[in-house]
Amino acid sequence: MELLYITWNPNAGFGPFRWYGLCWLIGLALAFLVVRRLYKEQKIKDELFDPLFVYCFIGILLGARLGHCIFYEPDYFLTSFKGFVEMFLPIRFLEEGGWKFIGYQGLASHGGTLGLIIALWLYVKSTKLSIWTVLDNIAIATGTTACFIRLGNLMNSEIIGKVTDVPWAFIFEKVDMMPRHPGQLYEAIAYAILFGIMWYLHKKMPEKIGTGWYFGFCLTYIFTFRFFIEYTKEIQEAFEASLPLDMGQILSIPFIIIGVVCMIRAKKKN
C-alpha cells in the first residue's frame with residue numbers, strides 16, 4: 001500500500017505567479033462567468049451585474065483575512081500595533097527593523113463567507129435587487145471558487161490532514177515525511193460536486209431562485225461537510241487541542257443552522 005503514497009512538493013508557482021493566488025483568481029473568474037450567465041437567464045440588467053465582482057472580491061478577502069486573525073491568532077494580531085497593521089497589510093515587520101512583503105498568509109473560509117454575505121447586503125442596498133435572488137445566484141456558483149481555493153491550499157501544502165495509512169495518503173515534504181490525509185483535496189472534490197448538484201437543480205427548479213433555498217442548501221452542504229472533514233485534519237493552532245471541537249467545527253455550526261433555517265423558510269414560502 002505504501003507504494004501508492006503521493007509525495008507532494010510542488011514549486012510555489014512560475015515566475016511572479018504563485019499557485020495559491022492563481023487558484024483564487026481562477027475560482028473567482030469561474031464564479032463570475034457562472035453568475036453572469038444566471039443574470040442573463042433571469043434578464044437582470046448588465047449594469048446591475050457589473051459592480052458585483054468588486055463587492056464579492058473585497059468582501060471575501062477582507063472577511064477571510066479578519067476571520068483568520070481574530071479566530072485563529074488573536075494573541076498575535078490583536079495585542080500589538082504591529083500585529084494590527086499586519087492584519088490589514090500583506091507585510092511582516094522584521095525584528096531587526098523594516099518590513100517584508102509576504103502576502104496574506106492566513107485566510108479563513110468562515111470569515112470569507114461572512115464577509116461575502118455582508119458585501120452582498122451592501123450590493124443589494126445599492127442596486128435594489130432582491131437579497132434572496134442575489135444570495136441564491138452566488139450560492140449556485142460558490143462551489144467553483146471553494147474548490148479552487150482548496151486546491152490552492154493543496155499547492156501550498158497547508159491545512160494538512162492527520163497522519164494516516166490510507167493508500168491515497170500524501171507525503172507533504174514541506175511539512176514532514178509522514179503520510180497524511182489530503183484534506184484539501186477531499187474538500188476540493190466535495191465542492192466541485194456541490195457545483196454540479198447546484199447547476200443541475202437550478203435547471204430543474206428555476207422557480208426556487210429568489211426564495212433563499214439555494215443559499216440555504218449551499219451553507220448546509222459546505223459546512224456540514226466541513227464539520228466532519230475536520231476530523232481528518234491537524235489542528236491549525238495549539239489552543240484548539242484543549243477544545244472539545246476544533247475552531248473550524250465550532251465556526252461551522254452557526255452556518256449550518258442558518259442554512260437549515262433558510263431552506264425551511266423557502267419551503268414555507270413556496
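This is a predicted model: local features need pLDDT of at least 70, side-chain atom pairs count only at pLDDT 80 or more; totals for chains, interfaces and linings use all residues.
# Briefing: cysteines, salt bridges and a nonpolar patch

Across the whole structure, a search turns up 10 salt bridges, while the count of disulfides is zero. A nonpolar surface patch of about 1,000 Å² is also on the list.

**Salt bridges**

- Arg37 pairs up with Glu41, their side chains meeting in a salt bridge at 3.4 Å, N to O.
- These two sit four residues apart in helix H1, which means that about one helical turn separates Glu41 and Arg37.
- Glu41 is partly exposed too, with 34% relative accessibility.
- Asp46 makes a salt bridge with Lys40, and their closest N and O atoms are 3.5 Å apart.
- With a relative accessible area of 43%, Asp46 falls in the partly exposed class.
- Asp176 and Arg180 form another salt bridge through their side chains, at 2.6 Å from N to O.

**Cysteines**

- The model has zero disulfides, and Cys23 is in none: the nearest cysteine sulfur belongs to Cys147 and is 8.9 Å away.
- Cys23 is buried, with 9% relative accessible area.
- Cys147 is classed as buried as well, at 11% relative accessibility.

- You'll find Thr144 in helix H7, which covers residues 131–155.
- Thr144 is buried, its relative accessible area being 9%.
- Where does the side chain of Thr144 reach? The side chain gets to the backbone oxygen of Ala141, at 2.6 Å.
- Leaving out residues up to four places away in sequence, Thr144 touches Gly27, Leu30, Ala31 and Phe195.

- Ile26 belongs to helix H1, residues 19–41.
- At a relative accessible area of 41%, Ile26 is partly exposed.
- Ile26 and Ile149 are 123 residues apart in sequence, yet their C-alpha atoms are 9.0 Å apart in space.

**The nonpolar patch**

- Which residues make the nonpolar surface patch? The patch is built from Leu25, Phe53, Val54, Phe57, Ile58, Leu62, Ile70, Phe71, Leu78, Phe84, Phe88 and Leu89.
- Two elements give two or more residues to the patch, namely helix H3 (52–71) and helix H5 (81–88).
- H3 supplies the largest share, with seven residues.
- Phe71, one of the patch residues, lies in helix H3.
- Phe71 has a relative accessible area of 33%, so Phe71 is partly exposed.

Definitions and conventions: Residues are numbered from 1 along each chain as its sequence is written. Side-chain values use heavy atoms; hydrogens and water are left out. Patches are made of residues with over 30% relative accessible area and no salt bridge: like charges are joined within 9 Å, nonpolar side chains (Val, Leu, Ile, Met, Phe, Trp, Tyr) within 5 Å. Accessible areas come from the Shrake-Rupley method with a 1.4 Å probe; for residues, only the protein chains shown count as cover. A salt bridge is a side-chain nitrogen of Lys or Arg within 4 Å of a carboxyl oxygen of Asp or Glu. Buried means under 20% relative accessible area, exposed over 50%, partly exposed in between (1.4 Å probe, protein chains only). A disulfide is a pair of cysteine sulfur atoms within 2.5 Å. A polar contact is a pair of N or O atoms within 3.5 Å; within protein, one must be able to donate a hydrogen and the other to accept it, and residues adjacent in sequence count only if both atoms are side-chain atoms. Contact means heavy atoms within 4.5 Å.
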